[in-house]
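Student: I have a new structure to look at. Can you walk me through it?

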Amino acid sequence: MNIRIFRILGIDIKVDISWALIATFIAWALAQGVFPRLYEGLSPFAYWWMALTAIIGLALSIILHELAHSLVAKFLGLPLKSITLFVFGGIAELEAEPKSPLAEFAMAIAGPLMSVALAVLFGWTAANLAAVEMLSTISKVFEYLALINWVLAAFNMLPALPLDGGRVFRSIVWALTGDLTGATRISAKLGMAFATAIMILGVFWALLGQFAAGLWWILIGLFIRSAAASTVYQELMQRVFKGAPLREFMSADPITVPPGITVSKLVEDYIYEYHFDLFPVVSETRLVGAVGLKETKNTHRDNWATTKVSDIMVPISDEITIDISADAMDALKKMHSSKHSRLLVTDKGNLVGMIALKDLLDLLSLKMALEGR
Ligand SMILES: [Zn+2]
């Protein structure tokens, strides 16, 4: 769940609810713990004011980091949708993967470079403000922001996919071997190893009594682990399904049901007979909808003998059909967005087949078993 805060250079900047919660927590920790310990004798109001400035600075630092990625992407012609402030920093949402190792390298390195530049800038500002007696308090905020940006740069440069450092690493392996799939796999493995190390570190910290810090590291480790795993899966899915014609995956000439029969007849003559959970409904030669297990279950058993298929079917719509010219990746995306695990394949509006999520995933797991040694 996220909220759009503003739009810059055609890119939406959004805040995820998780970030808002963490930011509130950090502000509280800064105002109640960190700043009072570092600079004694100021009023609570001053501490809160400093904390608020620090949080705004932190948000800006993350946005600028992501914006650096985005601008390079834009320059390279990769369209970008939005930037979201998420629990562990920012996420820049790209619509496509980079086309070459060099493009990936430039895009990935831009963010950490921006963080280093900000760290230097904030450090310089802090040093200059500290020289002025009156401004020494605010200089501490800048000092803190400089530190945060060094941490952001260092953390993001860990060679663990999907972090920036992992992308940099992948682009180098990709350039050396010319093999994106292999490079993705190696980088993701490294990412998982790092994630495991971070989690073990977290457990040690927790055992040593630093419970909150330990838990924090364990969460970051879990996050990197699952992100690394899904990077591999997505890359494989793209490679298997992108451009793959639907004809290869669909079952042609499916059994169809006329709209006029009763639900009892549908159960007896179709569902029990063929053991499919969904049938296209065809009137004369025209495709009018789909009906299956779900619609039947939602009809009370006492009404089966009197209810017609046309009364319970899902009428034909863009949600349940896909044109034969689309590829398997489009079908997957549609299934994902419409929550239908089966789609009717049409050619100029005529039914030519059916495609099931299960068939697509079965093929994917076969490929993984054969290639993923
Ligand atoms: Zn980044």
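This is a predicted model: local features need pLDDT of at least 70, side-chain atom pairs count only at pLDDT 80 or more; totals for chains, interfaces and linings use all residues.

Student: Is Phe6 buried, exposed or partly exposed?

Tutor: Phe6 is partly exposed, because its relative accessible area is 35%, and buried would need under 20%, exposed over 50%.

Student: Which residues form the nonpolar patch on the surface?

Tutor: The patch is formed by Ile5, Phe6, Ile8, Leu9 and Leu71. Together they have about 420 Å² of accessible area.

Student: And which strand gives the most to the nonpolar patch?

Tutor: Strand E1, residues 2-8, gives the most, with three residues.

Student: How many residues line the second largest pocket, and which lie nearest its centre?

Tutor: The lining has 31 residues. Nearest the centre of the pocket lie Ile26, Tyr144, Ile148, Val151 and Trp216.

Student: Which helices each supply at least two residues of that lining?

Tutor: Helix H1 (17-38), helix H2 (44-75), helix H4 (136-156) and helix H7 (211-241) each do. H1 gives the most to this lining, with nine residues.

Student: How do the lining residues divide into nonpolar, polar and charged?

Tutor: In the lining of the second largest pocket, 28 residues are nonpolar, one is polar and two are charged.

Student: New topic: backbone angles. What is phi of Asp253?

Tutor: Phi of Asp253 is near 45°, which is a positive value in a residue other than glycine. Asp253 lies in the loop between strand E5 (251-252) and helix H8 (263-274).

Student: Buried or exposed, that Asp253?

Tutor: Asp253 counts as exposed, because its relative accessibility is 70%.

Student: What about phi of Lys348?

Tutor: Lys348 is not a glycine either, and has a positive phi of about 50°. Lys348 is found in the loop between strand E10 (342-347) and strand E11 (350-356). With a relative accessible area of 73%, Lys348 is exposed.

Student: Last one, Val288. Where is it, and is it buried or exposed?

Tutor: Val288 is found in strand E7, residues 286-292. Val288 is buried, because its relative accessible area is 14%, and the cut-off for buried is under 20%.

Student: How many Å separate the C-alpha atoms of Val288 and Ile218?

Tutor: The two C-alpha atoms are separated by 52 Å. Along the chain, Val288 and Ile218 are 70 residues apart.

Terms used:
Residues are numbered from 1 along each chain as its sequence is written. Side-chain values use heavy atoms; hydrogens and water are left out. Patches are made of residues with over 30% relative accessible area and no salt bridge: like charges are joined within 9 Å, nonpolar side chains (Val, Leu, Ile, Met, Phe, Trp, Tyr) within 5 Å. Accessible areas come from the Shrake-Rupley method with a 1.4 Å probe; for residues, only the protein chains shown count as cover. A salt bridge is a side-chain nitrogen of Lys or Arg within 4 Å of a carboxyl oxygen of Asp or Glu. Helices (H or I, at least four residues) and strands (E, at least two) are DSSP runs, numbered from the N terminus. Buried means under 20% relative accessible area, exposed over 50%, partly exposed in between (1.4 Å probe, protein chains only). On a 1 Å grid over the protein atoms alone, a cavity is a set of points where a 1.4 Å probe fits but cannot get out, and a pocket is an open set with protein on both sides within 12 Å along at least five of seven lines; lining residues have an atom within 4 Å of a point. Ala, Val, Leu, Ile, Met, Phe, Trp, Tyr, Cys and Pro count as nonpolar, Asp, Glu, Lys and Arg as charged, and the others, Gly among them, as polar.
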